[in-house]
Amino acid sequence: MPLSTQSQGEDEQYILVTSLDNARNLSNLLKAISFKDHAVFTTTPNGLKVTVEDCKCVQANAFIQADIFQEFTIKEDLITFQVNLTVLLDCLNIFGGSTSAGISTALRMCYKGYGYPLTLFLEEGGVVTVCKINTEEPEEPIDFDFCSSNVTNKVILQSESLKEAFSELDLTSEMLQITMSPSQPFIYHRCLFLLSTFGSSGSAHYDYSKDSDMMELFRCKETQTNRYKMSLLKPSTKALTLSCKVSVRTDSRGFLSLQYLVRNDDGQICFVEYFCCPDEEVEEDS
Amino acid sequence: MKFRGKIIDVACLNHFSRVITTISKLTKTCVMRLTPDNLFFVLSGKVTNGGVSMWCELHQANFFDEFQMEGVSSEFNEICLEVTPENLSRALKTVQNAKSVKVKLTKKHCPCLTVAAELPSLSSNSRVVTHDVPVEVVPRSLWHEFKEPSMPDFDVSIYLPPLKTMKNVVDRMKNLSNFLVMEANLSGEMNLKIETDLVSVTTHFKDLGNPSWGKTSGPIRLPVPQINPNVVEVTRMTPHVSTGDAASQDGGASQSRDPEAMAEVRVDIRKLQQFLVGQQVNPSKAMCNIVHQSVVHLILLHDDVSLQYFIPAVA
């Protein structure tokens, strides 16, 4: 592979060298979080975390473990830099991001350190593209302080079923209300996990029962109703489309965590996570 | 002034329609030149179209089963029409499965190219669909603007990589930048480069091969390994180089030029994209001539169609 013929001498200058036989394994995950231009890359010997935020209210993280990469060499314990995600995605898909079997773009991604560009070497069918993406001063990602110990309610669903729900949601509604309850608070339904919208043409409710085949796990401590801005949650559907399972959690403050399990082309598993703040004025709906 | 052509063969009809569609992707209007042997679609480089020029040549005999024309005079046996290829393409698309298609120059409320198609019918009555595509007749005094462009005195001539790959790369680069640098050398290497505040991207193509427009005593020929009509095409395409000083400079430049040295042109990326988007069939030969910092001359050769496209350099 021409990429591996990069001279060793040059490699030594890099503090981070990673390579992937199939660039789609990275680009797909990044697409799932690409709702803003700026992405912070946090690299440790365990792997790569890419963070995107919007309005200080929503944060998406894509995790790519070190063993997903064919090569993952890091010379420092922690490397952080920020790049323009849209530009990076265009670079990763420079050869069209072909999905047909047998054709894949090989990637080698290198970084020399603070102030240097992120360098990508991409190769497909003997054609090599070199991209130098200028890095930016990384912004400190918000700590949503979402601890598993504070989780009040948690459900794990097949992404299939949530995809269906999201595709039918009334997008004229400004809010998406999520209700999770251990009991049966509603008269007609045995509603335990309920998505509601309040749009211009009326309200709509989408509910799941505990016994549904789509429900893998249901662990609710108390009834919780929270509203989230639809505009903030909408980008998460990109991750939903890619994923096979999704874990929906809320903590005692009403913060929402959506964890998506994504299986890549090679059958390996990666995660994408979304955090979202609840909308402040939670009124009791009578 | 008369023109009447008839296409019966479905394959010819499809092919003709594809050529027109390709042209419609390249330009909104162009001039259609009819001669007893050929059809030409010409766009001359004007500032209004960004200085891009185009020359597309078809042998009528390869498309038409009947072809009758009478030019403006016996001395100038040609017809020049300004057409909107998009309209012509649309008319041809709707008659894809016709038994026969006639193309006629008619005088309705204005001059028109009338596309009359006889469609298959189950009953004995035939169904005929007629499209009138308005055209403008270009007066004799303006014909000189639509002459075949001369072969530029290029620094490097090189075969293009697969157009699909090139299109993918250019499409992405267009998302990132408005301008692209195309550079190539005589060692079969071509690079596409963009550079902005955010990113610099270079795609390296190699082993492309350089056509040797070797100088012979006769016209300059492209040595094509197999016997095919392209040889004739190229020969015919480059009469201007054959006798002028350009030819000797050419041969000289190519031989004395450092094979590694790049000739480069910075172009409007949209113009290159347009050219790549339009390609509906893979040509048997695709090549490009680069005049350093001046112009890119793209040439596509199909069996019976040749297309030349010139993109000027931008500062």
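**The interface of chains A and B, and two local sites**

Let me begin with the interface, where 17 residues of chain B are in contact with 18 residues of chain A, and please keep in mind throughout that this is a predicted model. As you know, the size of an interface is often given as the accessible area lost when the parts come together. Here the area buried between chain B and chain A comes to about 1,400 Å², and carbon and sulfur atoms give 57% of it. Within chain B, the residues that lose the most area to chain A are Arg172(B), Leu198(B) and His204(B), which together make up 37% of what that side buries.

Turning to the polar side of this interface, the count is ten residue pairs in polar contact between chain B and chain A, both residues being at pLDDT 80 or more. The rule finds one salt bridge across the interface, and the side chains of Asp90(A) and Arg172(B) meet in a salt bridge at 3.8 Å, N to O. On the side of chain B that touches chain A, helix H3 (163-176) and strand E14 (199-205) each supply at least two residues, and by class that side has seven nonpolar, seven polar and three charged residues.

Strand E14(B) also pairs with strand E9 of chain A, residues 127-133, in the antiparallel sense and over six bridges. To place one position in that pairing, Val201(B) in E14(B) stands opposite Cys131(A).

Let me now move to chain B itself, and to strand E11, residues 156-159. Is this strand covered on one face or on both? In a regular strand the side chains alternate between the two faces of the sheet. In E11(B) both faces are covered, with Val156(B) and Ile158(B) buried on one side, and Ser157(B) and Tyr159(B) buried on the other. Strand E11(B) runs antiparallel to strand E16 of chain B, residues 285-291, and four bridges join the two; in E16(B), Ile290(B) is the bridge partner of Val156(B).

Thr105(A) counts as buried because its relative accessible area is 6%, where the cut-off is under 20%. Leaving aside neighbours within four places in sequence, Thr105(A) is in contact with Leu20(A), Asp21(A), Asn22(A), Ala23(A), Phe95(A), Leu122(A), Glu123(A) and Glu124(A).

Conventions. Residues are numbered from 1 along each chain as its sequence is written. Chains are lettered from A and ligands numbered from 1 in the order in which they are written. This is a predicted model: local features need pLDDT of at least 70, side-chain atom pairs count only at pLDDT 80 or more; totals for chains, interfaces and linings use all residues. Side-chain values use heavy atoms; hydrogens and water are left out. Buried means under 20% relative accessible area, exposed over 50%, partly exposed in between (1.4 Å probe, protein chains only). Contact means heavy atoms within 4.5 Å. Buried area is the accessible area (1.4 Å probe) that two parts lose on being put together, summed over both. A salt bridge is a side-chain nitrogen of Lys or Arg within 4 Å of a carboxyl oxygen of Asp or Glu. A polar contact is a pair of N or O atoms within 3.5 Å; within protein, one must be able to donate a hydrogen and the other to accept it, and residues adjacent in sequence count only if both atoms are side-chain atoms. Ala, Val, Leu, Ile, Met, Phe, Trp, Tyr, Cys and Pro count as nonpolar, Asp, Glu, Lys and Arg as charged, and the others, Gly among them, as polar. Two strands pair if DSSP finds at least two bridges between them.
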